[in-house]
Amino acid sequence: MSTMNLNRSQDEAELEAEFQRRIDNEEKIEPKDWMPEAYRKNLIRQISQHAHSEVIGMQPEGNWITRAPSLHRKAVLLAKVQDEAGHGLYLYSAAETLGISREELIDALHTGAAKYASIFNYPSLSWADMGAIGWLVDGAAIVNQVSLQRTSYGPYARGMVRICKEESFHQRQGYHILMTLMEGDERQRKMAQDAVNRFWWPSLMMFGPHDSDSEHSGQSMTWKIKRQSNDELRQKFVDQSVEQAEAIGLTLPDPDLRWNEERGHYDFGEIDWDEFYSVIAGNGHCNRDRVAHHRRAHDEGAWVREALDAYENKRAAARTA
Ligand code: FAQ
């Protein structure tokens, strides 16, 4: 190794040691701070996939806005879906602070280079699905996001604080839909139970593979991008959901679900990992439709982006003049 290269790698090692010291000290890393290239890339990956999930996640619920059973439910659902768009925007902005453009991020979604949460590749078949999505999907998202409020990257952590407040409202509105159905007639109770039967296992998959199979967890935990592991968060979600289900008379579709006195947690059955990997590889019920729909909406919105650019250029020209 030449002396110059040796000096460079020494400098790099010192910078990395200082970076890790800051992380260990619970200091937030900000956009202009030095960071290892792999930290930057890993964050772009996670934050952008998180953003894509929020935006693609509007589709299953968007499907029910025109069929909501009352004006009140419709207004609430509209507000919720709009919130998800807002979450996507905060998250894209946070990713952009790492030096990547919105166009590159969207392109990665369209080409399949970037993933989004597997759950949104399942269809929403009945009104009760709006309840199950709010209760379980937003519920799982909150468990994960509360933990991410303490993530090491400043813009991501701060975005999470606001997102979590809104997700709490989302979760409650979903639970309220199911509660109302469970107080209804036999058909309504069946509809609620059917939705929970279909969404329970995919919700558990939202936390990702087991820790032992999680490719990114080790490094992400050292850098405190992730503060709790996939399995820890999944367990937390199971524990909180059992009592909530019981309170309104729903049954979680897992015969192995039982309280384990020794562990102080609920034991639960094994997830169908073949299904999980098949869905994230692009073969879920709705993968193709979801991306095609996003592409279409993006293309139809091209004129808005062009108008914004034209306006910005005009303002810049006026400033220079
Ligand atoms: N779906 O090594 P790990 C919401 C991928 S927001 C698809 O464990 P990591 C709001 C993973 O990306 C929901 N892919 O990965 C809402 C990686 O692939 P890659 C979204 C998954 O990053 C509600 C590979 O598997 N929340 O729902 C999934 O350490 C209602 C290996 O996995 C977030 O994104 C999955 N479930 O841990 C909106 C939270 N799991 O990238 C509308 C932020 C894993 O190498 C309606 N993200 N993969 O190609 C995280 O906390 C983490 O990224 C995990 C995965 C925990 C999701």
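Helix 12 supplies six residues to the lining of the second largest pocket, the largest share from any element. Let's start the tour there, keeping in mind that this is a predicted model. The second largest pocket has a volume of about 750 Å³. Its lining is made up of 20 residues, and those nearest its centre are Val55, Ile106, His294, Ala297 and His298. Helix 3 (58–62), helix 4, helix 5 (102–111), helix 12 (287–300) and helix 13 (302–320) are the elements that each give two or more residues to this lining. Sorted by class, the lining of the second largest pocket holds seven nonpolar, six polar and seven charged residues.

Two or more lining residues come from each of helix 2, helix 4 (71–96), helix 6 (128–148), helix 7 (154–182), helix 10 (230–247) and helix 11 (273–283). Helix 6 gives the most to this lining, with nine residues. The class count for the largest pocket is 17 nonpolar, 15 polar and twelve charged residues.

Next comes the ligand. There are 34 residues around it, and Arg45, Lys115, Ser214, His216 and Lys226 come nearest. Which atoms of Ser214 and Asn230 face oxygen atoms of the ligand? In Ser214, a polar side-chain atom lies 2.7 Å from a ligand oxygen. In Asn230, a polar side-chain atom is 2.9 Å from an oxygen atom of the ligand. With Met206, the backbone takes part: one of its N or O atoms lies 3.4 Å from a nitrogen atom of the ligand.

The last stop is His52, a residue of helix 2 (residues 37–56). Is His52 buried or exposed? His52 counts as buried because its relative accessible area is 0%, and the cut-off for buried is under 20%. The side chains of His52 and Tyr92 are joined by a polar contact of 2.7 Å. Apart from neighbours within four places in sequence, His52 is in contact with Gly57, Tyr92, Leu105, Leu109, Ala114, Lys115 and Tyr116.

Notes. Residues numbered from 1 in each chain as written. Predicted model: local features only at pLDDT ≥ 70, side-chain atom pairs only at ≥ 80, totals over all residues. Heavy atoms only, no water. Helix = DSSP H or I, 4+ residues; strand = E, 2+ residues; numbered from the N terminus. Buried < 20%, exposed > 50% of the residue type's maximum accessible area, 1.4 Å probe, protein only. Polar contact = N/O pair within 3.5 Å; in protein donor to acceptor, adjacent residues only side chain to side chain. Contact = heavy atoms within 4.5 Å. Nonpolar A, V, L, I, M, F, W, Y, C, P; charged D, E, K, R; others polar. 1 Å grid on protein atoms, 1.4 Å probe; cavity = no way out; pocket = protein on both sides within 12 Å on 5 of 7 lines; lining within 4 Å. Points joined across faces, edges and corners; volume = space filled by probe spheres on them. Near = heavy atom within 4 Å.
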